[in-house]
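Me: I would like to go through some labels used for a protein model and ask what stands behind each of them.

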Amino acid sequence: MNRLGNAANHWTVSKEYVDLRRTARDPIHVEFAAEPQWLFLDLARSALVIVDMQNDFCSPSGWLDYIGADYTPARRPIEPINRLAKALREDGVPIVWLNWGNRPDRMNLSPSVLHVYDAAGDDVGIGGSLPGNGSKVLEKGSWGAAIVDELEVAPTDIHVDKYRMSGFWDTPLDSILRNLRVDTVMFAGVNADQCVMATLQDAVCLGYDSILLQDCSATTSPSYCMEATIYNVKQCYGFVADSEALLSARDARKSIRSAT
């Protein structure tokens with residue numbers, strides 16, 4: 001008998017038989033403090049989506065640095081993300097890197113998208129070459145679209161290119177999450193008030209449970225933008241929590257199981 005599909009969603013087949021029964025993963029129940037309410041969830045039906053932790057947004061000589069923005073706040077989530085992702089991999093939780101990586105010809109980008117980043121049409125916008133290093137802004141395969149070096153990426157991690165602020169628009173993200181049998185999506189990355197928020201909003205509209213991990217997210221926008229994002233997530237879309245609370249709950253569960 002052979003397996004067709006991934007660990008979370010597969011058939012078992014042979015020349016004579018097809019077994020349509022899915023093998024359910026053992027639940028990994030954790031409970032931890034969040035806002036507006038305490039959370040209980042199953043890590044076996046969860047995924048971590050990390051948004052735009054790439055050089056154009058988070059590194060010196062990246063696009064934000066070129067346009068004069070202070071990119072350093074975007075680097076704050078690096079260590080919390082590394083700690084969380086390492087622990088979740090041990091539990092088999094999918095880690096999805098959602099990076100802005102456009103087609104070189106930009107044929108799927110409308111003028112309304114291009115205008116936001118190059119209002120007069122005469123600056124280094126999407127697909128333009130950065131003067132310092134020649135990297136093509138937000139272009140797939142470029143240095144600017146690559147995950148920052150300080151983040152630890154495993155071979156089992158999943159990579160999805162996005163082309164809008166929302167990572168669900170015109171991408172396979174929804175299909176991947178559904179094929180992994182994911183119900184709950186935990187969000188990290190930058191900018192919290194822009195691409196993270198837009199993706200989280202669409203996740204909720206598509207029926208996913210959504211959690212913004214505050215210490216694993218950041219923005220280069222003014223502080224009131226982060227405040228508004230946290231408020232809106234709690235008020236309209238889902239939950240806000242710290243990764244440390246989740247990790248503590250996970251470690252407590254492991255301690256209890258090892259003692260029994």
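Reply: Start with aspartate 105, which counts as partly exposed at 38% relative accessibility. Before going on, note that this is a predicted model, in which local features need pLDDT of at least 70 and side-chain atom pairs count only at pLDDT 80 or more, while totals for chains, interfaces and linings use all residues. Residues are numbered from 1 along each chain as its sequence is written, and side-chain values use heavy atoms, with hydrogens and water left out.

Me: Why is aspartate 105 called partly exposed?

Reply: Buried means under 20% relative accessible area, exposed means over 50%, and partly exposed is in between (1.4 Å probe, protein chains only). Aspartate 105 has 38%, so the label is partly exposed.

Me: What makes arginine 103 and aspartate 105 a salt bridge?

Reply: A salt bridge needs a side-chain nitrogen of Lys or Arg within 4 Å of a carboxyl oxygen of Asp or Glu. For arginine 103 and aspartate 105 the N to O distance is 2.6 Å, so the pair qualifies. Arginine 103 is partly exposed, at 40%.

Me: What makes lysine 140 and aspartate 161 a salt bridge?

Reply: Their N to O distance is 2.7 Å, so this pair also meets the definition. The pair links distant parts of the chain, 21 residues apart: lysine 140 is in the loop between α4 (111-117) and β8 (158-162), and aspartate 161 is in strand β8. Helices (H or I, at least four residues) and strands (E, at least two) are DSSP runs, numbered from the N terminus.

Me: Why is lysine 140 called exposed?

Reply: Its relative accessible area is 52%, so the value falls in the exposed class. Aspartate 161, with 23%, is partly exposed.

Me: What about cysteine 236?

Reply: The nearest cysteine sulfur, that of cysteine 205, is 11 Å away, so cysteine 236 is in no disulfide either. The structure holds zero disulfides.

Key
Disulfide = S-S within 2.5 Å.
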